[in-house]
Amino acid sequence: MAPPSDINHFSHPCIYGDYSSSRSERRPSFMKWLSKLFKGGSNRGRGGRRLQEPDEENIAWRAPPRPFDDGSRAHNRENDDLGHAMSRSSAEDLKRPNAHEGYNWGTDNDDYGKALQDSLNSSAYPPYNAAPYYPRDYRKICGGCNQEILYGNCLGCLDTYFHPDCFRCHACQYPITEREFSLSGKHPYHKSCFKELTHPKCEVCFQFIPINAAGLIEYRCHPFWSQKYCPSHEYDYTSRCCSCERLEPRNVKYYRLEDGRSLCMECMESAIIDTGDCQPLYHSIRDYYEGMNMKIGQQIPMLLVAREALNEAIVGEKNAVHHMPETRGICLSEEQTITSIHRKPRHGGHRRMTRTQNQMLVRRCEVTAILVLYGLPRLLTGAILAHELMHAWLRLKGYRNLNPEVEEGICQVLSYMWLESEVMPSTSAAAASSSYPSSSSSSSKKGAKSHVENKLGEFFLNQIANDSSPAYGGGFRAANEAVNKYGLRAILDHIRYTGLLPE
């Protein structure tokens, strides 16, 4: 899940405290006494003005303090009674004017009045100054259950209040009791739940991707499959599928081929391992060429071979151009002895048992044979065959000494076009008719492919289009642009006469 935006992490976020509804509490005894004191109709303030009793509806009451123990309450009652008696006695004395001294009641020089005022401010009463003010009808509503908080502890957070049991993680719905939590928008999370939702996990070892020395989450991601994984898996001998390039997850076992390569289960579903099984595909691609008025008249042998045999054939071939890091096919023009795969394998655990056979290739024309790496999915095997058949067509038609960017580029264009005909038949048919107006595609009708095979086809198309090599990648993009602009037949004629692609 995307990480949510506006993420904050809070430490000590909540305000805990005992709370009782102001409506259910009695007025403190001090307030009762003070009210009685001001009710006396004959008492007057300074300047002769009558002290009015405040209107109860406009009084802002202080929040009630924490309850005192029994001893404290008894002590407070004694102080209240004593203060009450003293104030009444002093009030009666102050009613009588002092004839000898000539002083009036309530003057600034009255020391006894000051003493009375000091007694009213005595520290015998609880320290109310630290408590917040709440209106008489103030109510706290829980932000979780929307019920009034009447008593007990409450949490203050996110500009509202909660019962402790109502402040819950948005992911797991359990109460948040830790001193720290994560916040995304207006939703609180346990820190562990938030990490589970937002911190990326490696899709190989299934652990949280570690943070690097700079404090950043660093990972690798496949550009097509979006497989995220720890950087360490690139050099810790984790197996990679030789077809789709995905790394082997820890909970899945890839198939091991005898030449050391690995195949994922999805690629293994349509893999071709036996030379005999590949012949129908080979002939269907020859028919594809014929449908584009590019018939290949010679019968060119096609063999599936292992990695070692293919590498040996490349060494024995003059002026061979191969694709690094691994070549998957070659169009031979020299006589060689090739070790090919001739028997369909049977399952033996996670390995494929094969039998090989040496075969002498005799040169009868400009092309001796086409070799393709065995064990690849059907669509990838067909794309390699389409590429190598274009090499064969160019040699048989007299195209000589072409620049690698030109030859490999136009061969990649034919490989790309064949893949499109398999993955997107309607698109490729329109492209073929525009390239060859007088031709009609003779490709046989194909059954519906699985989603997995179509996705593999899209990946192989993406590989051709985004290849970084100068000959295969740069050559393809230049040739494909020219074909889209002028058509395939015009490009082939231009290459025949000039050896170059048109500007």
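**Strand S17**

I started with S17 (369-373), in a predicted model, and checked both of its faces. Ala 369, Leu 371 and Leu 373 sit on one side, Ile 370 and Val 372 on the other, and all are buried (under 20% relative accessible area with a 1.4 Å probe, protein chains only; exposed is over 50%, partly exposed in between). That makes 5 of the 5 residues of S17 buried, so the strand is largely enclosed by the rest of the structure. Strands here are DSSP runs of E, at least two residues, and helices are runs of H or I, at least four, numbered from the N terminus.

**Its neighbours**

Which strands pair with S17? I found S11 running parallel to S17, joined by 4 bridges, and S12 pairing with S17 in the antiparallel sense, also over 4 bridges. Pairing needs at least two DSSP bridges between the strands. For Val 372, I have Gly 329 standing opposite.

**Helix H7**

Next I went to H7 (residues 307-316), where the buried residues are Ala 309, Leu 310, Ala 313 and Ile 314. They cover an arc of only 140° around the axis, which puts them on the same side of H7; the arc is that of the directions from the helix axis to the C-beta atoms. An α-helix has 3.6 residues a turn, so residues three or four places apart point the same way. Glu 308 and Val 315, on the other side of H7, are exposed. What do the buried residues of H7 pack against? I listed S11 (302-305), S12 (329-332), S13 (336-341) and S17.

**Phe 194**

I also looked up Phe 194, which lies in helix H4 (residues 191-198). Phe 194 counts as buried at 5% relative accessibility. Its C-alpha is 7.8 Å from that of Ala 171, 23 residues away along the chain.

**Confidence**

The chain averages a pLDDT of 75, and 62% of the residues score at least 70; pLDDT is the predictor's confidence in each residue, from 0 to 100. Over residues 41-72 it stays under 50, and the model has 40 contacts there beyond four places in sequence (heavy atoms within 4.5 Å). Residues 437-445 also stay under 50, with 11 such contacts. Where pLDDT is low, the predicted coordinates should not be read in detail.

**Ground rules**

Local features need pLDDT of at least 70 and side-chain atom pairs 80 or more, while totals for chains, interfaces and linings use all residues. Residues are numbered from 1 along each chain as its sequence is written, and side-chain values use heavy atoms, leaving out hydrogens and water.
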